[in-house]
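Here is a short walk through one protein model. Keep the sequence and the 3D view side by side as you read.

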Amino acid sequence: MRAKITYFLTAAVLVVYFVLVGSRGVMLLKQGTALTVMFGVAVLILPVIGAWFLWKNTQFVSRANRLAAELEAEGGLPADELVRTPGGRIDRDSADAVFAKRRAETEDSPDDWRCWFRLAVAYHDARDTPRARRAMQRAIALHDGRSVPS
C-alpha cells in the first residue's frame, strides 16, 4: 500500500509541476517576440513529454497489477522463496537460484504470460529492473493476445 501512496503522491507532484511549467511556457508565448516564442515552445514541450511518460508508466503499472490480481485469483503467484539478510535485503545467491528456476520455466513455456510474469518478479528480485520491465511488458502483451517481438 505504501508503494501505491508514494506513486500517486509523486504523480500528483509531477502534474502540479507540469501545470506550473506549462503556465510559464504560455507566459513566454504571450510576450510575442521571436526569442520568447521559441523558449515558450521549448518550455511547453517538457510537460508534454513528462505527461506522456507519466501516462505510459501509469498504464504499465495498472496492467501489471491487473495481471497480478488475476494470477493471485488462480493461485499462481510465485511463493516467496528468497533468503533475506538480517536487514531485510534479498540474498543475491538466493535471488539467482530463484531466477534460474523461473528462467527455465519460461523457456519451457515461452507463450505463457504467467511464466513471464513470474520471470519479471525474479528479475526484479535480482535487481535487474530493465529486464524485469521488459519481461512484464511481454507478459502483458501475451495476456492481451498481442504479438510479441523476439
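**A guided tour**

V21 counts as buried, because its relative accessibility is 13% and the cut-off for buried is under 20%. The model is a predicted one. V21 sits in helix α1, which covers residues 2-31. Now look for what touches V21. Setting aside neighbours within four places in sequence, V21 is in contact with V43 and P47. V21 and L44 are 23 residues apart in sequence, yet their C-alpha atoms are 7.2 Å apart in space.

Next, turn to the surface. A nonpolar patch is formed there by L29, V37, V41, I45 and I49. Together these residues have about 370 Å² of accessible area. Helix α2, residues 34-74, supplies the largest share of the patch, with four residues. I49 is placed in helix α2.

Now for empty space. Rolling a probe the size of a water molecule over the atoms shows where such space is left. The largest pocket has a volume of about 840 Å³. Its lining is made of 21 residues. A3, F60, V61, A64 and N65 lie nearest the centre of this pocket. The elements giving two or more residues to the lining are α1, α2, α4 (113-125) and α5 (129-144). Helix α2 gives the most, with eight residues.

Charged pairs come next. Side chains of opposite charge can pair when their charged atoms come close. The whole structure holds eight salt bridges. One of them joins D144 and R66, with the closest N and O atoms 3.1 Å apart. This pair links distant parts of the chain: D144 is in helix α5, R66 is in helix α2, and 78 residues separate them. D144 is partly exposed, at 34% relative accessible area. R66 is partly exposed too, at 39%. R66, D144 and R146 are linked in a network of salt bridges.

R102 and E105 both lie in helix α3, residues 92-108. They are three residues apart, about one turn of the helix. The closest N and O atoms of R102 and E105 are 3.5 Å apart. Is R102 buried or exposed? R102 is buried, because its relative accessible area is 8%.

One more pair remains to visit. R114 forms a salt bridge with D112, and their closest N and O atoms are 3.2 Å apart. R114 counts as partly exposed, at 27% relative accessibility. D112 counts as partly exposed as well, at 22%.

Technical notes. Residues numbered from 1 in each chain as written. Predicted model: local features only at pLDDT ≥ 70, side-chain atom pairs only at ≥ 80, totals over all residues. Heavy atoms only, no water. Buried < 20%, exposed > 50% of the residue type's maximum accessible area, 1.4 Å probe, protein only. Contact = heavy atoms within 4.5 Å. Patch = residues over 30% accessible without salt bridge, like charges linked within 9 Å, V, L, I, M, F, W, Y side chains within 5 Å. Areas by Shrake-Rupley, 256 points an atom, 1.4 Å probe, with all protein chains shown as cover. Salt bridge = Lys/Arg side-chain N within 4 Å of Asp/Glu carboxyl O. 1 Å grid on protein atoms, 1.4 Å probe; cavity = no way out; pocket = protein on both sides within 12 Å on 5 of 7 lines; lining within 4 Å. Points joined across faces, edges and corners; volume = space filled by probe spheres on them.
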